[in-house]
Amino acid sequence: MSERAPAVLIVGAGPAGTRAAETLVAHGVRPVVVDEGLRSGGQIYRQPPEGFSRPASALYGFEARKAEAVHAALAAVRESIDYRPGTLVWNVEGGVAQTLGPEGVGRIAFDSLILATGAMDRVIPFPGWTLPGAFTMGGAQVALKAQGCAIGEPVVFMGTGPLLYLVAYQYAHAGARVAAILDTSSAADALPVLPGLLWGGRTFAKGLWYMTWPRTAGIPVRRGIVPVAAEGEGALEAVRYRDRRGREHRVACTGLGIGYGVKSEVQLAELAGCEMAFDPLAQQWLPEADGDGRARDGAVYLAGDGAGVAGADAAELRGRLAALAWLADHGIAVDRGERARLRAKLRRIMRFRDALERALPVPFHLARALPDETVICRCEVITAGEIRQGRALDPAELNRAKAYTRVGMGRCQGRVCGPAAAQILADARGCDVAEVGRLRGQAPVKPLGIRAGALAAVEDNSRAASI
Amino acid sequence: MSTQSPGATCRLVRVAETERPGVTVFHGARPLPALAGDTLLTALLCNGVALRRSEFDEGLRAGFCNMGACQDCWVTLEDGSRIRACTTEVQDGMRIRALDGP
């Protein structure tokens with residue numbers, strides 16, 4: 001008699017989750033795939049709702065073929081997996097994932113978990129950033145890609161990272177007016193890491209093209225800038241910045257996209273018991289895993305940007321590798337040559353990513369220098385000054401500062417403000433940012449309506465009573 | 001300032017995909033034109049400047065991450081349930097509580 005096949009739960013149906021599912025199916029395994037999105041593709045290859053008509057080339061540009069391939073891969077295994085779109089995994093505990101989906105709360109028992117939870121924009125607050133009209137860079141891209149809307153007229157993009165130039169290009173290409181691209185990084189940042197950037201090959205070439213394109217389109221690009229403030233009566237009307245010589249400028253706009261690269265969504269990995277380690281380059285605590293994504297032997301595997309940001313191409317490779325690792329760990333024969341090829345490709349991308357992070361450095365120091373009155377936690381409206389004053393109570397780490405000041409206590413659970421709050425607290429304490437720790441991941445990882453929470457509790461109670 | 005005043009600057013500007021069938025959502029008593037496939041965030045911000053008031057200061061809020069992570073775009077439906085505007089697709093006749101407040 002064969003034993004019951006081990007149950008594999010994949011969280012996320014972006015490039016990593018999709019390739020993981022496809023790989024398992026190819027080896028005769030039927031995973032459950034839970035995805036918050038209503039359609040597969042994740043954020044990077046997000047699909048618009050039914051009834052939208054732009055072709056993939058208009059939505060995804062150079063990446064159109066990759067996007068279509070990832071969508072097709074999920075569609076091809078649709079009947080061979082237990083696919084649950086529009087469903088949030090809000091807790092993982094003791095081999096059970098608790099979910100909230102179209103049919104309400106649910107539980108999925110699993111033996112193994114493959115987490116492909118993706119990333120969101122990394123944000124450094126600055127005065128006025130809570131005004132209506134300011135969106136994250138990714139949010140600005142979603143508005144255009146999935147809704148056919150620009151976030152304003154005209155729009156300014158500010159920050160750094162690959163999305164800065166890409167989203168500006170997509171906006172201009174779609175006929176939206178882009179007033180300026182304001183980049184906190186400088187060409188000088190890229191010079192020392194040029195050899196590493198060359199590992200990017202075509203990706204690097206595309207990046208250079210996106211960076212030079214605005215000049216030919218007459219869109220002003222300013223590098224080495226410092227954000228000063230977003231301003232307006234009740235809603236965004238302009239953004240002010242200082243150029244590299246310290247002169248202040250004002251650009252009128254009703255939409256502002258801000259972002260400094262993206263950061264991993266790690267809450268579920270932490271709840272699943274992964275060891276967390278501080279990554280000095282990303283300045284983020286990340287779940288630990290080996291090169292194939294093994295985080296806890298046989299139980300938890302990590303893939304894609306949720307396990308450290310490396311981009312969509314890497315996410316596909318990491319999804320495949322995590323699934324192959326799971327298969328090998330469970331005694332199912334896999335093609336060793338394929339694994340070696342995937343690992344080699346991934347290594348090349350990682351070399352490029354490392355150089356890219358240095359070429360477009362995240363100006364974490366800007367958070368430390370913010371004026372006291374700047375709102376840091378937008379959920380609870382907690383200012384930089386309040387975090388600094390909370391220092392008087394001597395919070396040794398970030399969770400204590402949260403208890404004293406409510407920074408990170410709001411509905412986003414510190415996803416948005418956490419990195420900046422850590423920098424401000426570390427600065428106030430005069431210590432390294434790693435020393436102040438991280439805001440702990442807590443269930444539910446996203447807010448649930450009280451009814452959903454109550455229903456889950458009732459279910460748990462009746463389950464306990466019936467044991 | 002009202003979060004949804006006719007004629008006021010709108011936050012979002014449609015630049016593509018405008019051939020979809022029209023639907024109507026209600027913000028308080030006011031009918032707002034929207035398109036099938038809009039998220040509630042899109043529908044509201046194509047007709048006004050904000051979604052809600054901040055709970056802790058005078059500021060208006062109009063969403064931020066647009067991908068279900070920052071929780072800035074919660075609105076209240078007429079039945080009192082709270083939903084995230086950026087991840088909810090509109091249905092014809094949907095009614096959202098106006099939060100124009102005092």
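**Helix packing, burial and chain contacts**

Modeller: α10(A) passes α11(A) in a left-handed crossing.

Biologist: Why is the crossing of α10(A) and α11(A) called left-handed?

Modeller: A crossing is left-handed if the near helix is turned anticlockwise from the far one by less than a right angle, and right-handed if clockwise. The crossing of α10(A) and α11(A) is of the left-handed kind. The model is predicted, so local features need pLDDT of at least 70 and side-chain atom pairs pLDDT 80 or more, while totals for chains, interfaces and linings use all residues. Residues are numbered from 1 along each chain as its sequence is written, with chains lettered from A and ligands numbered from 1 in the order written.

Biologist: At what angle do α10(A) and α11(A) pack, and how far apart are their axes?

Modeller: The angle is about 145 degrees and the axes are 10 Å apart, α11(A) being residues 336-359. Axes are lines fitted to C-alpha atoms, for helices over the stretch in contact, and angles run from 0 to 180 degrees between N-to-C directions. Helices (H or I, at least four residues) and strands (E, at least two) are DSSP runs, numbered from the N terminus.

Biologist: What makes the contact between α10(A) and α11(A)?

Modeller: Residues of α10(A), including Leu317(A), Leu321(A) and Leu324(A), meet residues of α11(A), among them Leu342(A), Leu346(A) and Ile349(A). Contact requires C-beta atoms, placed from the backbone, within 7 Å. By class there are seven nonpolar, no polar and six charged residues. Here Ala, Val, Leu, Ile, Met, Phe, Trp, Tyr, Cys and Pro count as nonpolar, Asp, Glu, Lys and Arg as charged, and the others, Gly among them, as polar.

Biologist: What are the angle and axis distance for α1(A) and α10(A)?

Modeller: Helix α1(A) (residues 15-26) and helix α10(A) (residues 312-329) pack at about 35 degrees, with axes 7 Å apart. Their crossing is right-handed. Among the residues in contact are Gly17(A) and Ala20(A) of α1(A), and Ala315(A) and Gly319(A) of α10(A). The contact of α1(A) with α10(A) holds nine nonpolar, four polar and four charged residues.

Biologist: Why is α4(A) said to be largely enclosed by the rest of the structure?

Modeller: A residue is buried if 20 or more other C-beta atoms lie within 10 Å of its own, exposed if 12 or fewer, and partly exposed in between. Eleven of the eleven residues of α4(A) (residues 137-147) are buried, so the helix is largely enclosed by the rest of the structure. Met137(A), Leu144(A) and Lys145(A) are among the buried residues. After α4(A) comes Gly148(A), with a positive phi near 70 degrees.

Biologist: What makes β10(A) and β1(B) a strand pair?

Modeller: Strands pair if DSSP finds at least two bridges between them. Two bridges join β10(A) (residues 149-150) to β1(B), and the strands run antiparallel. Ala150(A) stands opposite Val13(B).

Biologist: How many residues of chain B are in contact with chain A?

Modeller: The count is 39 in chain B, against 42 in chain A. The elements giving two or more residues to the chain B side are β1 (13-14) and β5 (60-61). That side has 17 nonpolar, eleven polar and eleven charged residues.

Biologist: What is chain B made of, and what share of chain B is buried?

Modeller: Chain B has one helix and eight strands, in the order β-β-β-α-β-β-β-β-β from the N terminus. Buried residues make up 47% of its 102 residues.

Notes: Contact = placed C-beta atoms within 7 Å.
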